[in-house]
Amino acid sequence: MTGSHLSLILLPTLRCNADCEYCFENKTSDTLSIDRLTLLASRFLDHMEENDIRELTIYWQGGEVLTIAPDFYMRARDVIDREARSRTKTVKHRIQSNLIGYGKKWNGVIAEMFDNRLGSSLDFPNLYRKVRGGSPASFNRMWIRKFREARDSGIDVSVISIPNEETLARGAEAFYTYYADEVGLRSFQINTPFPGGAPHASKMRLPLPTDRLASFFLDLLNIWLERGYEQGIRIGPFDELIDYFLTGNPGLPCIWHNSCAGEFVCIDPRGFVSQCDCWVASYPAFRFGNIFEAASLTEILRSDARRRIKERPIRLIQLGECIDCTYLSVCHGGCPIRAYSVHSKLEAKDPYCETYQALFKSLDNIAVKIARSRSAC
Amino acid sequence: MTIQSINLLVKPTLACNARCLYCHSLKPTNNLSIPLLEHLLEKLAAFTNGHNIANVSMNWHGGEPMLMGSGFYETVMELEKRFFPHTQIRHTMQSNVCLYTGETRETLLKLMHARIIGACLDPFHPTRLTAQGTDSFPQSLKGTLALLRDGFFIGMIYVVHKKSLEVVEDLYYFFKNLGVPSILFHPLEEFGNPDYHLTPQDYGEFLKRLWDVWEEDDYEFNVSPLAEWRRFLRSGQPCSSCEYGAPSRESPHIVVSPEGDLYPCHRFQDKRIHCMGNIGDLTFEEILSHPWAHLLSDSKENLCSECAECEYVSLCRSGCVATHDRSGKTFWCEGLKKIFEYVKSKESFGDADVQCSHAVPGCI
Amino acid sequence: MLTYNVPTLFLDAYEDTKLIVRSDDVNRLVASLSNAHADRIVTIQARSLAADPEALLKAPRTVPVDVVVGEPGAEYENIYRYSEVARKHPVRVSVRVFPGFGKVVKLAASLNFPVKLEIGELDRDLAAEIVESLDYYLHSSTLGQPIEFFHSVLLGFYHNHPLTLWQVMEEDPAELRFVTDEGKLVLSERLAAVEPGADPSTYIDELRGELLAEKGECSLCRFFKNCGGYFRAADRKFRCDDVKRIFQTLRNAAKELKHDYAQLVTSEERPRA
């Protein structure tokens, strides 16, 4: 990797306090020690040095990150900042948590290390997210309580939502009302579900029907434009797409990057290096190597596994896929894990291609209307 | 009245290396002698110094002024240094540019520091012949391209004739592609060859077709006289040419023949009418006090009744004074009315009360 | 200072010029940047997509990279490999116009690379493909980089200040020359067979004079100021109808843009309630 920025998805633990049925990760109790973290930090900052990469964003994810004590993160930050300073690199940190373990003891870390921001997940309706022995409904109640506590402490919580069949049945109005009005979220993002990881009943009917999902998205889009867009409610990927079509700003979700392999890398607590958290714990054949065993991260990133993911867009063009699509520049064939988990091969389009095209077309037109209305004001 | 500038149109010779079908300038003559030139510049200096006139321009005309050769213009520069130590005269020229090569070119690059020259071409019809009877177009084109390379602003003129009507669009694009910054489409009342004779109606029709081509090109090229009419119609800015505007007494224009005879306009010099005397006998104060010194501006201010009452008077002001008939109208009146009526239907015709601007003399 | 386009083999042969260095081999291009004359290299030109351009990531400095896609079957999809290169070096894709070139343009544009079309011979089918690319350039809502020559010609019409195709296509011999693989200095790769004359820097001016003197199609063409005889230089029998249609489309688009912008300005000046 080269260029000014690298994103590292760092899993300090694969331990989790939840028992979500659709999880794509194979959980273990592995947890990163500070010593191992120091070696890891040194190796990946060496890689940045060798490849003239100036900035790093670390996305702390799990398992569940809050199953490790807050003190670990402060020490981790100190280690990483020291390694970065000595190489004149800058580092930012972000955190993704299920919020179950959140309490006031986390406020200091979240403020100092994570800029008072935290990402989490909440589904509507929640069919699969729960703690062991609990129910989805109780999970949501607990989550909402934790969310409000965090919000009252000044923490900006954004949320990922994974739609399911029931979401489509209940419709966009109910969906929007739940998140924006009932829970009181000001920022949420919808990720398309995929049957990653070990098989489970919750994954058997994935992918969702693309036409129904497209209708859902478009209905939600209209509701948001009417009630939330001007009021500062952010829904991903809608506002990123509006920004893209209005200004060309390339800040789209990773599933649409022309080469996620060029921008992201994931390391789990055992040192396994893979493309992202969707791959590392469940797809050993797609691991690039182990950072504690190889001579350098640079060497690991030359692996065949990474090359396959990196060159997936090339294969799609060779197969005649995507080249004729109006929105090639937005999507580049979509997400490799979604393609692999559904089609069992990398060299296939994202299974939600139809949904994305409907969304792109709609937002393309909406951006035009927004631009015109701004110029008419 | 304060004189702000003075322009002399000097014809050092009436000889020419071309035989244009429409030319009335070519006559047997002596060339402007050096003593007469010296006399002219001495008197001019006395006048401009006495009246604090800083803007002095000399437009070398003819015949073909480049026939005088580099030596003559070297002398002009020497005399200028002597008589005008503190003022730089702006030299321009009207030429067929066939002789713009070699030493003549080198000297003119020194003389004409403002880099302004008038040229003339007919790309499609043999109306401009050499003395040997061949089409002068290749040499003129070569000279034009050389002038452009040397950074000259070329005020290109095309003399409109009957056959021009067949090639209106081609003319427009040829001159635009030539790279000259402006083109004047100028009619002349008489042609040596009746096949080329242009009537006022022909001229009006030519201008109409030209306007259409110009409009289709979004008025990109500076085309005279169309551009000054359009400027007036859109913004009220008065016409500025000596034909369609009005010369100003504060910027007098005097023509000097090779013998030193003085005229208010070079077309009067061609016809040998309205001579005001000779530079050998008069001071510039006396010249400018002559009744005919301001003949052009007087004619424009005292229009005949038909012109004064014409709805198009602001666009025309009776046209070129040298083309007036006995009634005081221009020979081209009917043709001009045709184009004005046509343009009026396209552009809004404001009710601007025209204050005629001070015209810039400079037609061929 | 003139710029010479040279193969890496002749890198040391030209002093007092800026250099565009070209090769099929990316490693040779990288090596050239460590050469004693490397400070005069203004662009490197990759002539093949077969090899992985990874070596460019280790280049000693940042330098513009021009990726030339020469013919059909050139594995154009490998342009994707340059998206990582683009994090270190500005990348442009130069596309020789051949049947199917439109896909190359689309892919390069989708990766946010500027594109330069290189037109040699032109038949009806190719012309139709160019018109398709032109339509894509004018109307795609996701295009964020120029496609030349469309872009500069459009701007020339818009500002009424045209550049000629000689300048847009970087073929003005007053600024750029080409050294063939055999070491011969010519006007440009496209005009390798044309005699440059005693002073190549005056070639375009002389060509222009010749075309005007002929009083043929070029001298009367409404797009001569934009074209400058670019297509007729290589082939005096070049049929210009399709090129004129392209120019006219760009001209109309510029007019539309000017009109729309004028409306926008007017609406911004309107008094608000």
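At 58% relative accessibility, Ser344(A) is classed as exposed, where exposed denotes over 50% relative accessible area, buried under 20% and partly exposed the range in between, as computed with a 1.4 Å probe on protein chains only. The model is a predicted one, in which local features need pLDDT of at least 70 and side-chain atom pairs count only at pLDDT 80 or more, whereas totals for chains, interfaces and linings use all residues. Side-chain values use heavy atoms, with hydrogens and water left out, while residues are numbered from 1 along each chain as its sequence is written and chains are lettered from A, and ligands numbered from 1, in the order in which they are written.

Although Ser344(A) is not a glycine, its phi is positive, at about 60°, and the residue lies in the chain A loop that runs between α14 (336–343) and α15 (353–376); helices (H or I, at least four residues) and strands (E, at least two) are DSSP runs numbered from the N terminus. A positive phi, of about 50°, is also found at Arg317(B), likewise not a glycine, which is placed in the loop between α12 (313–316) and α13 (333–344) of chain B. Arg317(B) is buried, its relative accessible area being 15%.

Cis peptide bonds were also identified. In chain B, such a bond joins Ser224(B) to Pro225(B), with omega of about 5°, and Pro225(B) is located in the loop between β9 (222–224) and α7 (226–235). In chain C, the peptide bond from Glu148(C) to Phe149(C) is cis, with omega near 15°, and Phe149(C) occupies the loop between β7 (147–148) and α5 (150–159).
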